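Biologist: I would like to understand the words used for this model. Could you take me through them one by one?

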Amino acid sequence: MVQRFTARAVVVGDRAGTVVPDAVLDVEDGLIRWVGPAADAPPAEAAEVTRLPGVLTPGMVNTHAHSPMVLFRGQGEGLPLDRWLREVMWPREARLTPEDVEVAMTAASAEMLRHGATTSVEMYFHPERIAAAVRATGARAVVANPLIGLPGFGTFEEQLDTAVRLTADGDAQVEYGIGPHSAYTVPLPVLAQAAAAAREHDLLLTVHVAETATEGDELLATHGVSVPRLLAAHDVLGGRVLGAHCVHMDDGDLEVWREYDIAVAHCPSSNAKLASGTARLRDMLDLGIRVGMGTDGPASNDNLDLFEDLRLAAQLARLRERDATALTAAEAFWLATGGAAAAIGRADLGQLTAGRRADLVHVDTEDIAFVPVGDTTDLLTHLVWSVGSRHVRDTWVAGRQVVADGTSTTVDEAALRADVQTRALRLAGR
Ligand SMILES: [Zn+2]
């Protein structure tokens, strides 16, 4: 059975910012079969037709998140990073149970779907529970098994074995990856092993790189080279590698990224909130480096709203370059859709084109924020500059509706909210 969607316009999510007015989009078996102007649409006698008054956009791809951290949202506000970690985060995480992670991820996943993001790259404890949560809400995820040296989470070897074992349970909805935390917390030989395993099994390897100005100082003093060059020298780069943040990168570091085709998860809200710095987004794009937007964890952002990140990405790129053309609205939207899918190595996601998965978002345009529209591309401009996640009405993943009129169709968001509240207070020791 073909599902046909008609919409005021389809925003494709490509780099050029293509907008198809008066559009038809056909879905079959969870895939987009056809998309284009209604006047050219194939006959649809057997189709079930959904008529949407607004704009249809691709489900966004959040390339970097630790979403179960909704449990810690807003906690320790205003503390410097070291005190925030020692006094607020670590004591809470020490009490964390697998069930806490699953409940929190379910709530966060429902929130992301309601904000128009259908896929997220997750790096957090208890990956099987994260996967279960995502399957419950109907979203997609790349669940990167964390490699981190913390008591209670096994040796690095055990963590890597788990990561490889779990890949057998992966599919198009939940794909497993490997998430060594960083070069300053995970030994270089372990990073190299993880990278070899990722290449062998075609897994996404995602790692924090150059988030803050000083985190690589010790490695630099020991090895005499920056973290990006060190990763290259230890055979960590190559394959599907996604560096999170990549704020403090010099020309040589960016050249390494270009040479090895390393992608970047760009997280401007988190970088701004934690005063980490402003990534060289324009330079990365000019070098042909793949970049996708990420929210980072909701304890360091504090939202899971890619609309805010893509707008901030454009604003900060323009400020940094002192040039209002430094990042176009089309590029900003692409960084959260088609560009983000490319950054995580998923050519089946992120754009509304035939053959890709039918992850769709309906944005309500019956709002003053969408006025005026002279040229059709104004719709895309408004999406970036004047509209937010509050205008998302409906969301589909693989053609299945998971948000209807702003509410999850799969999980009870009110019950989850109460559950997260109770668990968060327990974790805080109250
Ligand atoms: Zn992170």
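Modeller: Start with donors: N, O and S atoms within 2.8 Å of the metal (3.2 Å for Na, K and Ca). Water is not among the atoms, so sites may look incomplete. This is a predicted model, where local features need pLDDT of at least 70, side-chain atom pairs count only at pLDDT 80 or more, and totals for chains, interfaces and linings use all residues. Residues are numbered from 1 along each chain as its sequence is written, and side-chain values use heavy atoms, with hydrogens and water left out.

Biologist: What makes His64, His66, His208 and Asp296 donors of the zinc ion?

Modeller: Distance. His64 (NE2), His66 (NE2), His208 (NE2) and Asp296 (OD) lie 2.0 to 2.7 Å from the zinc ion. The cut-off is 2.8 Å, so they count. Their spacing in sequence is H-x1-H-x141-H-x87-D. His66 and Asp296 link distant parts of the chain, 230 residues apart.

Biologist: Why is the site of the zinc ion called irregular?

Modeller: The angles among its four donor atoms run from 83 to 166°. Four donors are tetrahedral if all angles lie between 85 and 135 degrees. Four are square planar, and six octahedral, if opposite donors are over 155 degrees apart and all others between 65 and 115; anything else is irregular.

Biologist: Why is Val55 called buried?

Modeller: Its relative accessibility is 0%. Buried means under 20% relative accessible area, exposed over 50%, partly exposed in between (1.4 Å probe, protein chains only). So Val55 counts as buried.

Biologist: Which residues does Val55 contact, beyond its neighbours within four places in sequence?

Modeller: Ala9, Val11, Val361, His362, Val363, Thr365 and Leu379 are in contact with Val55 (heavy atoms within 4.5 Å). Ala9 is 46 residues from Val55 in sequence, yet 5.0 Å away in space, C-alpha to C-alpha. Val55 lies in strand E4, residues 48-58. Helices (H or I, at least four residues) and strands (E, at least two) are DSSP runs, numbered from the N terminus.

Biologist: How do you know that E15 and E16 pair?

Modeller: Two strands pair if DSSP finds at least two bridges between them. Strand E15 (residues 400-404) and E16 have two bridges, in the antiparallel sense. Ala404 stands opposite Thr407 in E16.

Biologist: What makes E3 and E16 edge strands?

Modeller: The open sheet has eight strands, in the order E3-E2-E1-E4-E13-E14-E15-E16. E3 and E16 each pair on one side only.
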